[in-house]
Amino acid sequence: MDLKFTVSVKIQKPIGEVFDAVYAPDKLSRYFTTGGASAALDAGATVMWEFADHPGAFPVQVRECVENERIVLDWGSMESGRTNRVEMCFTALDDTATQLSIREAGWSESQQGLDASYMNCMGWTQMLCCLKAWLEYGINLRKGFF
């Protein structure tokens, strides 16, 4: 059993605007990392993500960043000593719409790994919903969520 998942969303905005909303720390912090993001998601960087509604910062290692195409991250799993790989793929559907898919893998084949994968799947789905609401309607869905 290979524990992994992919979630995706269609956003009614051009690919450059969607990519920048994930890449740029000031924009990411408006709808997702509500406690801040320490830097842009440039390849080779270690970025700290903080959430106002969850204590502590999370280190995110940026493995790859190809503008308007892909961002690949490694970050700590909820399982002790493990690292997960997150791949975000941006696809222009036309000049005004973008598909963003997020894939995560790296959990152990155990009940703890399965539980952690479900938690992260929920989190990335929420991130995509928050991104869509913020870009299309200017609404911060994460405010008061937890």
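**Note on the predicted model**

1. The protein chain has three helices and seven strands; here helices (H or I, at least four residues) and strands (E, at least two) are DSSP runs, numbered from the N terminus. Their order along the sequence is β-α-α-β-β-β-β-β-β-α. The radius of gyration is 15 Å, close to the 15 Å that the globule rule gives for 146 residues, so the chain is as compact as a globular protein of that length. That radius is taken over C-alpha atoms, and the rule is 2.2 Å times the number of residues to the power 0.38.

2. On the basis of the values: this is a predicted model, in which local features need pLDDT of at least 70 and side-chain atom pairs count only at pLDDT 80 or more, while totals for chains, interfaces and linings use all residues. Residues are numbered from 1 along each chain as its sequence is written, and side-chain values use heavy atoms, with hydrogens and water left out.

3. Overall dimensions and surface. The C-alpha trace spans about 45 × 30 × 30 Å along its principal axes. The protein chain exposes about 7,400 Å², and carbon and sulfur atoms supply 52% of that area; accessible areas come from the Shrake-Rupley method with a 1.4 Å probe, and for residues only the protein chains shown count as cover. Of the 146 residues, 40% count as buried. Buried means under 20% relative accessible area, exposed over 50%, and partly exposed in between (1.4 Å probe, protein chains only).

4. Contacts along the chain. Among contacts with a separation of 6 or more, 48% come from residues 24 or more positions apart, a contact being heavy atoms within 4.5 Å. Val9, in strand β1 (residues 4-11), is buried at a relative accessible area of 13%. Leaving aside residues up to four places away in sequence, Val9 touches Thr98, Gln99, Leu100, Leu128 and Lys132. Val9 and Leu131 are 122 residues apart in sequence and 9.3 Å apart in space, C-alpha to C-alpha.

5. Aromatic pairs. The whole structure contains 11 aromatic pairs. Rings of Phe, Tyr and Trp (its six-membered ring) pair if their centres lie within 6.5 Å; planes under 30 degrees apart count as stacked, over 60 as edge-to-face and the rest as tilted. The rings of Phe19 and Tyr23 have centres 5.8 Å apart and planes at 20°, so this pair is stacked. Phe19 and Tyr23 are four residues apart in helix α1 (residues 15-23), which separates them by about one helical turn. Phe19 is buried at 4% relative accessible area, whereas Tyr23 is partly exposed at 21%.

6. The tryptophan pair. Trp49 and Trp75 pair edge-to-face, 6.0 Å centre to centre with 75° between the planes. Trp49 lies in strand β3 (residues 46-51) and Trp75 in strand β5 (residues 70-76), so the pair ties together parts that are 26 residues apart in sequence. Both Trp49 and Trp75 are buried. They belong to a cluster linked by ring pairs, together with Phe32, Phe51, Phe58 and Trp124.

7. A search of the whole structure finds seven salt bridges, each defined as a side-chain nitrogen of Lys or Arg within 4 Å of a carboxyl oxygen of Asp or Glu. One of them joins Asp26 and Arg30, with the closest N and O atoms 4.0 Å apart. These two residues are four apart in helix α2 (residues 25-31), or about one helical turn. Asp26 is partly exposed at 45% relative accessibility, and Arg30 is partly exposed at 43%. Glu136 and Lys132 form another salt bridge, with closest N and O atoms 2.7 Å apart. Glu136 and Lys132 are also four residues apart, in helix α3; Glu136 is buried at 18%, and Lys132 is partly exposed at 25%.

8. Arg85 and Asp74 meet in a salt bridge at 2.4 Å, N to O. Arg85 in strand β6 (residues 83-94) and Asp74 in strand β5 are 11 residues apart, and the pair links distant parts of the chain. Arg85 is partly exposed at 42% relative accessible area, while Asp74 is buried at 8%. Salt bridges with shared partners join Arg63, Asp74 and Arg85 into one network.

9. Surface patch. Met78, Met119 and Met122 form a nonpolar patch on the surface, with about 320 Å² of accessible area together. Patches are made of residues with over 30% relative accessible area and no salt bridge; like charges are joined within 9 Å, and nonpolar side chains (Val, Leu, Ile, Met, Phe, Trp, Tyr) within 5 Å. Met122 is placed in helix α3 (residues 111-137).
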